[in-house]
Amino acid sequence: MRESTLWLLQISTAIVLVVAVTVHLASFTSFVGPGRTEGLEFPVVRSRVVNPLYTVMYILFLGAGFYHGIYGVRTILSELLPNRSLRRFLVAILVVAGLAFFGWGTYTVLVALTL
Amino acid sequence: MSKTLRRQSGRQEAEKEVVFSVRREDPGSGVPPRFQVYSVPITRGMTVLDALRYIKESLDHSLSLRFSCRMGVCGSCGMIINGLPRLACETQVLDLKTDRVEVKPPFNYPVIRDLATDFDDFFDKHVAVRSFIIREDVEELEAPSAEYYQTEEESEDYLQFSYCIRCGLCYSACPTVATDLEFLGPQSLVQAARYNIDSRDEGLHERLVLVDEAHGVWRCHLAGACSTVCPKGVDPAFAIQLLKRAIIKDRLGLKPEKKGAPELPRPPAD
């Protein structure tokens, strides 16, 4: 795969993250403030997590976050670690771990739909 | 001015004595690198290269350094002078405004001896990006019967990048080259851009694929040190960003296929 493909994905996931992080922070800070805690109450949280739109947003958030982070670490490794085999091994571990955590997070978000 | 200084400098009276601290290193000799100090009488107009040649000819014959044209066109005498990559032949000692000049071999190159460094990796990367005119009409290219047509405006598009003298100072200044041994480096990427922009060239896509790799253009983080140190006014940082833009346009199908400039029409027969 050409490096520009990975770079375009990095830019795309950055855009997704800007939107997703904004929505994520806004969704519970709108309920939480000095003296206010209803955003942390179970019924309020539940009303969010059973909403399919939030489910899609969180899955995209997860995927974009893991890709963006792993590509960033790969970039740092490619510039600072001269040993190509070691680099590839570490990136492979990161990808496997990233996929595992993405799967776990997606499962969690989907299970939350049934609450 | 002392008689000694007048005698040493020949006809022109020396302005002052400047101390040169030169890094000495002989890899494989077992002797650790060190700085050796020399006192050089400086006359107006003397360059750092002149001073180093004075040291070699009059004070210490063992000093190793590389130079050739002495006029800023061959790129042989690049070195670190008071912390910055510069051409020794173009650096006037008095312009440094100091009584102590520190000279080291250029960064990011293996040292052969003292101020002479190994440029093999640098030139290998230059060759790797196919920095020459690529055309489909190979027979005409190899046995030209006419010139290729190019307007003044078309030559000005890449002219700045053609000024590169392969001195390697940009490569020496680049922080990514310092840590990523496989990074193509600013000089080879400038040449890739130079030939991509050349209207006579038809190798755009082929060259873009070569620089669009893990240690190609995308490892440039726009530090800009390459452009700052270039003695010929080339802007490698700009060229690399042009390459990135060309790659994205190429990937998104926004850049039209480039046809090489045709041959000039032949003059009418008499």
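**Figure 1. Just after helix H3 of chain B, Arg130(B) adopts a positive phi of about 55 degrees.** This is a predicted model, in which local features need pLDDT of at least 70 and side-chain atom pairs count only at pLDDT 80 or more, while totals for chains, interfaces and linings use all residues. Residues are numbered from 1 along each chain as its sequence is written, chains are lettered from A and ligands numbered from 1 in the order in which they are written, and side-chain values use heavy atoms, with hydrogens and water left out. Helices (H or I, at least four residues) and strands (E, at least two) are DSSP runs, numbered from the N terminus. H3(B) comprises residues 120-128, and Phe122(B), Lys125(B) and His126(B) in this helix are buried. Seen down the helix axis, the buried residues of H3(B) fall within an arc of 105 degrees, so they line one face of the helix; the arc is that of the directions from the helix axis to the C-beta atoms. Asp124(B) and Val127(B) are exposed, on the face of H3(B) turned away from its buried side. Here buried means under 20% relative accessible area, exposed over 50%, and partly exposed in between (1.4 Å probe, protein chains only). The buried residues of H3(B) pack against helix H6 (169-173) and helix H8 (186-197) of chain B.

**Figure 2. Helices H8 and H9 of chain B cross at roughly 160 degrees.** Two packed helices are described by the angle between their axes and the distance between the axes. For H8(B) and H9 (residues 204-211), the axes come within 10 Å. Axes are lines fitted to C-alpha atoms, for helices over the stretch in contact, and angles run from 0 to 180 degrees between N-to-C directions. The angle makes H8(B) roughly antiparallel to H9(B). Angles under 35 degrees count as roughly parallel, over 145 as roughly antiparallel, 65 to 115 as roughly perpendicular and the rest as oblique. H8(B) passes H9(B) in a left-handed crossing. A crossing is left-handed if the near helix is turned anticlockwise from the far one by less than a right angle, and right-handed if clockwise. Leu189(B), Ala192(B), Tyr195(B) and Asn196(B) of H8(B) meet Leu204(B), Arg207(B), Leu208(B) and Val211(B) of H9(B), where contact means heavy atoms within 4.5 Å. By class, this contact of H8(B) with H9(B) has six nonpolar, one polar and one charged residues. Ala, Val, Leu, Ile, Met, Phe, Trp, Tyr, Cys and Pro count as nonpolar, Asp, Glu, Lys and Arg as charged, and the others, Gly among them, as polar.

**Figure 3. Helix H5 (residues 152-162) of chain B packs with H8(B) at an angle of about 160 degrees.** The axes of H5(B) and H8(B) are 9 Å apart. The angle makes H5(B) roughly antiparallel to H8(B), and the crossing of H5(B) past H8(B) is left-handed. In H5(B), Asp157(B), Tyr158(B), Phe161(B) and Ser162(B) meet Val190(B), Gln191(B), Arg194(B) and Ile197(B) in H8(B). This contact of H5(B) with H8(B) has four nonpolar, two polar and two charged residues.

**Figure 4. H8(B) and helix H11 (residues 236-251) of chain B cross at roughly 60 degrees.** The two axes come within 8 Å. H8(B) and H11(B) are therefore oblique to each other, and their crossing is left-handed. H8(B) contributes Pro186(B), Leu189(B), Val190(B), Ala192(B), Ala193(B), Asn196(B) and Ile197(B) to the contact, and H11(B) contributes Pro236(B), Ala239(B), Ile240(B), Leu242(B) and Leu243(B). The residues of the contact of H8(B) with H11(B) divide into eleven nonpolar, one polar and no charged.

**Figure 5. Asn82(B) has a positive phi of about 50 degrees although it is not a glycine.** Asn82(B) is placed in the loop between strand E3 (78-81) and strand E4 (84-87) of chain B. At 31% relative accessibility, Asn82(B) counts as partly exposed. Arg166(B), also not a glycine, has a positive phi of about 60 degrees. Arg166(B) is found in the loop between H5 and H6 of chain B and is partly exposed, with a relative accessible area of 25%.

**Figure 6. Val37(B) is found in strand E2 (residues 34-42) of chain B.** Val37(B) counts as partly exposed, at 47% relative accessibility. Not counting residues up to four places away in sequence, Val37(B) touches Val19(B), Phe20(B), Ser21(B) and Arg100(B). Val37(B) and Arg23(B) are 14 residues apart in sequence, and their C-alpha atoms are 8.9 Å apart in space.

**Figure 7. Leu8(A), in helix H1 (residues 3-29) of chain A, touches Ile248(B), Arg251(B) and Leu252(B), not counting residues up to four places away in sequence.** Leu8(A) counts as partly exposed, at 26% relative accessibility.
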